Structure formats: structure tokens, C-alpha cells
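Biologist: Please show me the structure, and then let us go through its inside step by step.

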Amino acid sequence: MNLRQLRYFTQTIEAGNITRAAEMLRVAQPSLGLQIRVLERELGIPLLIRHSRGVSPTEAGTLLYERSIEILGLVEATRQEVISQGQKTRETVILGLTNGTAALLGRDILRNVSETIPTLQLSVVEEMSPVLVDALERNEVDIALAYDVAERSGLMRIPLMSEEVLFVRSAGDGSEEVPISFADMLRQPLVLPNERDVIRQQLQKIADSMTLPLRIGFEVSSISMLKQMVADGGMASVMPYASVVEEVRRGLLHARRIVDPAPSRTLYLIRSLRRAHFKHDGDLIDYLNTALWGFCEALGDLAEPLPAMRTKLSTVASDYVSEAFVIKR
């Protein structure tokens, strides 16, 4: 066995599908399949059960997966420790944030984290939530704050707060202060991101439950372009307050709450269970938790902190990792 085979194997188990695992690893599917077959042949026992939905581990495959997680984690921890000894410099951690959290928190986090954790060098990546999850799985991001993250093997996900999203239109198209009903909102032509966007998925789910159509006037995944199209007039969107706060303050956009029902999303702290903990793991997690209380205050009654935010978050994360059984038998 070699480390590449173990990485390929663990990613395949977590993805539950060889095609998806190959995409996440950025390797050709035949190459990935070949490495797993070589591994099975070398060990003399099947490791995967192949079926119409993808793959799942055999009993031997489950054992190999659990040991591989330990091995790969130890290798990563050793790499980081050796680099730290050689460089004697600050530890670098890559934090993933969505557009809204980056807008309200990003600059303060970067400015203040060096005072709170002097030996930590923080780098921020801003992307949509699904992109951040993919980046975590490719080891391009160390830890992230993302919305409506689905449960998946190999991923720690701790719900931190729920947040209502708002109906947004050009200030020139009206400035009603009363909430708009979900049904009335659906009568507007909407500018929304693509189908991977968590807000659009939530809107579609609610619309389907009400047997009402979701009218998509334009599909735009660029946040800046989306806001500009709405500001030009004649179109509307559904966005989080943090993403439009500056435009609302400048009188370019107007935001209203949505009711009956009020669409909302949940913010999660996420990280890969396959990655070794970095040196300041707990300190950073607790710092992010403190920063999120300021985020909640800025959102006012649009946000509701969940139980994990009201405790020592690093302890919650540590307990999660200790109790996690990442293979669903």
C-alpha cells in the first residue's frame, strides 16, 4: 500500500461514487478505479461493493478506511510539525467564508486575529457555500463557515446560527416597510444564482411545497452583477442582509422581510475530519465564535444563535471529532 492509494480509497468511500471521487481528486476516473483494483488485488480481498448508486465499503473496506484516516492524519500532522520546526514562522491557516460573512466579518477577522493569536497567519477565501465544501475536500481550505451544509462522511459540521433572508429590490421600485408574503414574492421576476446556491434551493423547496412556480428572470452567480441588475430596477432577488447592507445604506437597494413562511438558512462551522488539527485549532475556533456574536448583533432579529454558539465552541468541535463515526454502516 502507498499513501496515494489510501487517499484515493478514502475519498472514494466519502464520496460514495468513483466518478465524484475522481472529480474531487482531479484525476481520471479510470486511473482512480485502477488504483483501487490494484489495492484490492494486493490485499487479496474486496474493499468495495459496487452497485447502481455508486460504491460502499465491505467489512474489510470499512476497517481499511478507518485505519487510513488515522494514517493520513498522522502524515499530515507530521508534515506540519516538521515544517514548523524548520521555518520557525507563524502557522498559516486558510479560512473559507461566504460573501455575506466576508462582507461583515472578513476585514475584522484579519485585523484582529493577529492580536488574539499572534503566531497565526490567517488567509481568507471567499466563495459560495458549495464551493467551500468542495475546497475543504480538496484540502484547499482548512476550516470554513458555510450555509446549509449537508451531512457527509468525513466532514465535521456544527450548526451555529439560523438566519432569515430578505426580499431585495431597487430602492427606486418602492420602499414598503411591511413584510412581503412568500406567495407575493413569487409573483416577482427574480434574479438568482444557479441551482447549487443554498438560498435558491430553499426557495425552490418552499415553492414546491406550496405548489407555486419559482419565476427565474435571470440566473446570475456573480453577487456583484446580481446586485447591479436588481439596482437597475424591474427585477428582484432574495439575499442575506450581510450581502446587501452597503447598498441598502447607500439607498441603492431596499430590503423587506418575507413571511408565511420566512425562508432561512443555517450557518455551519465545517472542517475535514481527514485533516490533522493545526496548532491553534481550538484558539481559532473560539475566536470565530466570538466574532460570530458580533455578526448576530449586526443582523438583529434576523439571526438566532443555536446551542453550539452559546458554549465553548472548541470543546464542541473536539467532542464532535472524538465521537464521529464517519462510515455509515
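This is a predicted model: local features need pLDDT of at least 70, side-chain atom pairs count only at pLDDT 80 or more; totals for chains, interfaces and linings use all residues.

Biologist: How many cavities of 30 Å³ or more does a search of the whole structure find?

Modeller: Rolling a probe the size of a water molecule over the atoms shows where empty space is left. For cavities of 30 Å³ or more, the search of the whole structure gives a count of two.

Biologist: How many charged residues are in the lining of the largest cavity?

Modeller: The lining consists of Glu14, Leu136, Glu137, Ser153, Gly154, Leu155, Ser272 and Arg274. Sorted by class, two of these are nonpolar and three are polar. The number of charged residues is three.

Biologist: Which element gives the largest share of the lining of the second largest cavity?

Modeller: This cavity is lined by Val165, Val198, Ile199, Gln202, Leu203, Pro263, Ser264 and Arg265. Two elements give two or more residues each: strand S13 (264-272) and helix H8 (198-209). The largest share is four residues, and it comes from H8.

Biologist: Which class has five residues in the lining of the second largest cavity?

Modeller: Two of the lining residues are polar and one is charged. The class with five residues is nonpolar.

Biologist: Does Glu164 count as buried or exposed?

Modeller: Glu164 lies in strand S6 (residues 155-164). Leaving out residues up to four places away in sequence, Glu164 touches Arg257, Ile258, Ala262, Pro263, Ser264, Asp301 and Leu302. The cut-off for buried is under 20% relative accessible area. Glu164 has 18% relative accessibility, so Glu164 counts as buried.

Biologist: Which side chain is joined to that of Glu164 by a polar contact of 2.7 Å?

Modeller: Several residues touch Glu164, including Ile258, Ala262 and Asp301. The polar contact of 2.7 Å runs between two side chains, and the partner of Glu164 is Arg257.

Terms used:
Residues are numbered from 1 along each chain as its sequence is written. Side-chain values use heavy atoms; hydrogens and water are left out. On a 1 Å grid over the protein atoms alone, a cavity is a set of points where a 1.4 Å probe fits but cannot get out, and a pocket is an open set with protein on both sides within 12 Å along at least five of seven lines; lining residues have an atom within 4 Å of a point. Grid points are joined across faces, edges and corners, and a volume is the space filled by probe spheres set on the points. Ala, Val, Leu, Ile, Met, Phe, Trp, Tyr, Cys and Pro count as nonpolar, Asp, Glu, Lys and Arg as charged, and the others, Gly among them, as polar. Buried means under 20% relative accessible area, exposed over 50%, partly exposed in between (1.4 Å probe, protein chains only). A polar contact is a pair of N or O atoms within 3.5 Å; within protein, one must be able to donate a hydrogen and the other to accept it, and residues adjacent in sequence count only if both atoms are side-chain atoms. Contact means heavy atoms within 4.5 Å.
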